Structure formats: structure tokens, C-alpha cells
Amino acid sequence: MRIAFFDAKPYDKPSFDKYGAENNIKFKYFETKLNEDTVELARGFDGVCVFVNDTVNKEVIDSLYKDGVKVLALRCAGFNNVDMKYAHGKIHVVRVPAYSPYAVAEHAMAMLLTSIRRIHKAYIRTKDFNFSLSGMTGFDLHGKTVGVIGTGRIGRVFIDICRGFGMKVLAYDKYPAEGLDNGDTVRYVELDELFQNSDIISLHCPLTEDTDHIIDEKALEKCKTGVVIINTSRGALVDAEALLAGIKFRKVGAACLDVYEEESDFFFEDFSGHIVDDDILARLISMPNVIVTSHQAFLTEEALSNIAETTVQNLLDFFEKGECTNELCYRNGETKDCKTGKCF
Ligand code: NAD
């Protein structure tokens, strides 16, 4: 079986080579992202393997379909970069629904602690033998209220971590999880209540029409002054322009961003020798109370190994058994786990 692997990075190869070789799957690594201009590279392959910033739109799907590519293997959980409605009936889409919720939730907490305890500043200061503490005052997490939007796999691990710090949790989810609300330290509330009462807000929901810009100017207006916004989910959950304005007006106390609306133009690449022409990103990065990481929350050894193992299993299930429990399909206006693998 031959699979065209797009947006390949050096850290992807060891685990995919290992699990691929054990199962007679040959990955051909392309550094380029998949899009209308590069899709021809997939000609002659049985499947394509893509990540979060590859573009799988109508043109790409038509081209893959015409070339007889049977399966699109997402090596991630999110699928907002795939036109799922258009893909239905043309190409099967499989994904890795969970690889390490701990990786992402722990990264969210790492960013929060770094930000509010000024670790990013301290690291640079002491490297320069500057041992002054001016401007380094942080605040305790203990006793603070964290608003968690999306209480799925990652959101729930993040809630557990926050509870370990003695924080109160206000949760919001379109489909609340049973047994999570204990009526005391963890409570499901409406979004407005979450915005009004949270000291920190962390986003763990997928990017959908409902959640696009869930943090916008109106939402920020409702928030406490000094609120800390953490986004490790998808960039477009936050209106970056509104966030920047909130930071300038001192409404937002800090922002921890592992994702950014226009990240596909920049993230995962080295722009250190270039002029970055995205003024919003550049201004956000220039702020002392903003930390940006380059969509790295997933990047742990455990997650990379799980991603490769599950992707290889998905491909084997699809090509050898004709069905895959990690297949996604578009039905009645929504994309859902197909479970049967026989949706078309
Ligand atoms: P999950 O499917 O387990 O949980 C998502 C939760 O969001 C579910 O409980 C769902 O009910 C809820 N939800 C759906 N629509 C909603 C809405 N309109 N409003 C509020 N909640 C809604 O997914 P997960 O594994 O916890 O991942 C969460 C997100 O994290 C993914 O969608 C992905 O975008 C992001 N992610 C980021 C990285 C990274 O490296 N930064 C890695 C993996 C996943």
C-alpha cells in the first residue's frame, strides 16, 4: 500500500516508518502541504495522509477522486480543513480521534503557568544575569475560576488538572458530559455566565459554524477585566483582531495561543529571516502578556507514536477489512463518527 504523506516534518517520520514497515505500508513524504497546487503529487497513490493545515477543499477532493485515491487519512482529530459535505460519496475520511488528550491539556496549563508567573520573562532575564524581580508579580491559581468551553477528552483532562490546583470550574458544552457537574467545584453554565465569572477561559471545543469566533468583541465585553484567554484548539475560535483590541484596552490580562486564525501561512515553518506580513500576529507576539506557540500542544513522544499507530491501523482496517471505526461521515448537515465504516 502506498500513501502520499503531506506536510511531512522530521519528527513525523520515525514513528510512521516504524509502524508502516511493520505493516507493509510505504509512506512517501512530501514537505509541501496538500492544496490545489500540490494535489497532483497524490496521483498513483492508494491514499493520502494529511495534517491540520493541509487544504482539502472541493478542487482537491475532485482531483483525488479523479485519480482514484480511495482514502484521506487525517493524522489529527479536527477535520475543519476538510470539506466533509463534498467529500461524502467521493473519498473516505478517517482520523485519529484521540492520541493524547494529556499532551494538549498539559500544554494549555504549561502556557497558563508560564504566562501568569512570567516564566518566559524570567528565563530571558536570568540568562542575562539579571536577577531583578520588578514586574514579575503573578497571581495564585488556587481559588480562581476557570471557564472551560468544550468538555470532551481534552477539556476533561484540563478540568482535572485545574482541580488539582484548587480552581473552580465553570463548564460549557453543546453536549454536556454526564457525571461531570458536581454542583460545586465543577458546574455546567450558559456561555454568558461563564464569560462573566471566569478569571481564565480555556477553549477545548472543535471549530464549527457555531464556535467560529466564539471569543469575539461581544464575548470579551462580558468578561472580567484581566481575563486570561487560552486557545489550544483552533485559531478561528478567537477573533484575533478583537483579542488584540482587548489586550490594548487592558480588558484581557493575558493570552496563551497555540493556534491562530491565519496560522497555515506561518506555523510549522521558520520565518526568522523574513518580514512577517501579518500585522495582527506580529502585534500579538510583540505583547509582553501574549505567549504564542506554533500549534505544538500535540507534540509529545506519546502522541506522535499514537498518531502513527492509529493512522496505520485505520489504513489497514480500510483496505483489508473494508471498514474502519475511525471513519467520519457527513449526514443530515453534521459530520459524525461513522462507526460502521460503510456510509457509502
Ligand atoms: P472531543 O471531540 O473529545 O471534545 C470536543 C467537545 O466539544 C465535545 O464535548 C463536544 O460536545 C464539544 N462541542 C462541540 N460543539 C460545541 C459547541 N458548539 N460549543 C461547545 N462545545 C462544543 O475533542 P478533543 O479531543 O477534546 O479535542 C478538542 C479540540 O482540540 C479539537 O477539536 C481540536 O480542534 C483541538 N486539538 C488541538 C491540538 C493541538 O495540538 N493544539 C491537538 C488536538 C486537538
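Reader: Are D210 and K174 buried or exposed?
Author: The scale here is the relative accessible area: buried means under 20%, exposed over 50%, and partly exposed in between, with a 1.4 Å probe and protein chains only as cover. The model is predicted, so local features need pLDDT of at least 70 and side-chain atom pairs count only at pLDDT 80 or more, while totals for chains, interfaces and linings use all residues. Residues are numbered from 1 along each chain as its sequence is written, and side-chain values use heavy atoms, leaving out hydrogens and water. On that scale, both D210 and K174 are exposed.

Reader: How far apart are the closest N and O atoms of D210 and K174?
Author: These two form a salt bridge, meaning a side-chain nitrogen of Lys or Arg within 4 Å of a carboxyl oxygen of Asp or Glu. Their closest N and O atoms are separated by 2.7 Å.

Reader: Where do D210 and K174 sit, and how many residues apart are they?
Author: Helices (H or I, at least four residues) and strands (E, at least two) are DSSP runs, numbered from the N terminus. D210 is in the loop between β9 (200-203) and α8 (217-222), and K174 is in the loop between β7 (168-172) and β8 (186-188).

Reader: Which residue meets K222 in a salt bridge?
Author: K222 belongs to helix α8, and its partner, 30 residues away, belongs to helix α7 (residues 191-197). K222 is partly exposed at 33% relative accessibility. The N to O distance of the bridge is 3.1 Å, and the partner is D192.

Reader: Which residues gather in the patch of negative charge on the surface?
Author: A patch takes residues with over 30% relative accessible area and no salt bridge; like charges are joined within 9 Å and nonpolar side chains (Val, Leu, Ile, Met, Phe, Trp, Tyr) within 5 Å. Asp and Glu count as negative, Lys and Arg as positive, and His and the chain ends are not counted; each charge is placed at NZ of Lys, CZ of Arg, CG of Asp or CD of Glu. One member, D37, lies in the loop between β2 (26-29) and β3 (47-50) and is exposed, with a relative accessible area of 72%. The patch is made up of E36, D37, E59 and D62.

Reader: Which residue has a backbone oxygen 3.0 Å from a polar atom of the side chain of N231?
Author: N231 lies in strand β10 (residues 227-231) and is buried, because its relative accessible area is 0%. Its side chain also reaches the backbone nitrogen of S233 at 2.9 Å. The backbone oxygen at 3.0 Å belongs to R234.

Reader: What is the phi of R250, roughly?
Author: R250 is found in the loop between α9 (240-248) and β11 (252-257). Because its relative accessibility is 63%, R250 counts as exposed. R250 is not a glycine, although its phi is positive, at about 65°.

Methods. Accessible areas come from the Shrake-Rupley method with a 1.4 Å probe; for residues, only the protein chains shown count as cover. A polar contact is a pair of N or O atoms within 3.5 Å; within protein, one must be able to donate a hydrogen and the other to accept it, and residues adjacent in sequence count only if both atoms are side-chain atoms.
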